[in-house]
Amino acid sequence: MGRLNGKILVTGAAGQLGRSFARVADEYPGLGFLLPDERYADITNPGLMERLIHGDTVSAVINCAAYTAVDRAEEDETAAARVNTEGPAVLARICAREGVPLVHYSTDYIFDGRAGKPYPEDAEPSPLNVYGRTKLDGEKAVAASGCTALVIRTSWVYSGFGNNFVATMLRLAREGRPIQVVDDQYGTPAYATDIARATIFMLLRGVEGFDILNYNALGTTTWYGFAREIFRLAGVGADVIPVSTDSYPVKARRPAYGVLDISKARNFGVPIRHWQEALAECLREMGIICGDQISGKQRP
């Protein structure tokens with residue numbers, strides 16, 4: 001890929017990853033970002049996408065749009081497939097025709113979690129649920145299009161806004177009730193702001209052909225360990241109870257082990273830090289210092 005002369009189109013701009021590109025845009029004054037309202041950037045609408053993507057004005061497309069309601073997807077596979085599979089296929093076909101590179105995101109949920117060691121990019125997928133299956137089909141659609149594309153796989157995405165695990169834990173802490181959190185699913189939390197920075201790094205480095213890259217923070221934890229660290233850093237005394245997956249029934253099966261092998265990203269020189277360090281930045285940006293957010297106080 002050559003120099004990024006045009007704008008970078010970010011679809012799904014209203015989501016936590018899309019909003020993270022808006023947050024870090026000032027760090028890259030030489031780049032311009034298009035973050036259109038969802039009404040004008042429905043990735044399943046070829047007409048809308050064709051009007052947005054032109055090789056002479058858009059230098060890259062970053063697809064942050066996704067159907068991420070894992071349990072709801074079990075009951076509405078059509079809706080999940082429309083966004084996770086058909087939408088990326090639409091984008092990839094247009095990007096191939098216009099000669100515009102595409103960055104698309106995927107998930108550790110394309111694996112069954114039985115490996116017991118970090119999954120490299122070439123590991124055999126075996127999704128356990130509809131969400132993982134539709135995301136895997138999205139990867140395949142992008143690959144089959146022939147467009148220049150980078151698929152970035154990540155997991156346990158969170159940010160300082162939107163509906164995510166960090167926000168849920170802080171809300172439950174405000175309610176003051178005991179919090180049960182699964183302690184036998186292993187993975188690595190990924191701060192959306194770090195994913196955005198890593199994506200821009202890869203675009204500036206250059207994307208050629210079709211490639212897959214695992215990106216996550218350093219370290220491994222469980223959802224329970226993640227919750228405990230949220231409360232420790234926030235200075236919040238919450239009653240957190242570790243439970244097994246079997247005692248916390250949900251509609252969609254989750255992989256017990258979803259750690260991704262990030263050796264390739266590290267070899268490329270992609271900036272990577274420990275998940276605890278990234279979480280601390282997220283909480284600072286949210287204004288949470290020694291429990292002030294929980295008590296309703298604001299940062300001075």
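# Close-up views of a predicted model

**View 1. Aromatic pairs in the model.** A search of the whole structure finds 10 aromatic pairs, where rings of Phe, Tyr and Trp (its six-membered ring) pair if their centres lie within 6.5 Å, and planes under 30 degrees apart count as stacked, over 60 as edge-to-face and the rest as tilted. One of them is formed by tryptophan 156 and tryptophan 223, which are stacked at 3.7 Å centre to centre with 20° between the planes. This pair links distant parts of the chain, 67 residues apart: tryptophan 156 is in the loop between β5 and β6 (157-158), and tryptophan 223 is in helix α8 (residues 223-234). Helices (H or I, at least four residues) and strands (E, at least two) are DSSP runs, numbered from the N terminus. Tryptophan 156 counts as buried because its relative accessibility is 9%; buried means under 20% relative accessible area, exposed over 50%, partly exposed in between (1.4 Å probe, protein chains only). Tryptophan 223, at 15% relative accessibility, also counts as buried.

The model is predicted: local features need pLDDT of at least 70, side-chain atom pairs count only at pLDDT 80 or more, and totals for chains, interfaces and linings use all residues. Residues are numbered from 1 along each chain as its sequence is written, and side-chain values use heavy atoms, with hydrogens and water left out.

**View 2. An edge-to-face pair between two helices.** Phenylalanine 226 and tryptophan 275 form an edge-to-face aromatic pair, with 5.8 Å centre to centre and 85° between the planes. Phenylalanine 226 lies in helix α8 and tryptophan 275 in helix α10 (residues 275-285), so the pair ties together parts that are 49 residues apart in sequence. Both phenylalanine 226 and tryptophan 275 are buried.

**View 3. The open sheet.** Six strands form an open sheet in the order β2-β1-β3-β4-β5-β10, with parallel pairing; two strands pair if DSSP finds at least two bridges between them. β2 (33-34) and β10 stand at the edges with a single partner strand each, so one side of each is left without a neighbour in the sheet.

View 4. All six residues of strand β5 (residues 149-154) are buried. In a regular strand the side chains alternate between the two faces of the sheet. In β5, Ala149, Val151 and Arg153 are buried on one side, and Leu150, Ile152 and Thr154 are buried on the other. Strand β4 (residues 102-107) runs parallel to β5 and is joined to β5 by six bridges. Valine 151 in β5 is the bridge partner of histidine 104. Five bridges join β5 to strand β10 (residues 210-214), again in parallel; here phenylalanine 210 in β10 is the bridge partner of alanine 149.

View 5. The structure holds one cavity of 30 Å³ or more. On a 1 Å grid over the protein atoms alone, a cavity is a set of points where a 1.4 Å probe fits but cannot get out, and lining residues have an atom within 4 Å of a point. The largest cavity has a volume of about 30 Å³, a volume being the space filled by probe spheres set on the grid points, which are joined across faces, edges and corners. Among the residues that line the largest cavity are Asp108, Trp156, Trp223 and Gly258.

Notes:
On a 1 Å grid over the protein atoms alone, a cavity is a set of points where a 1.4 Å probe fits but cannot get out, and a pocket is an open set with protein on both sides within 12 Å along at least five of seven lines; lining residues have an atom within 4 Å of a point.
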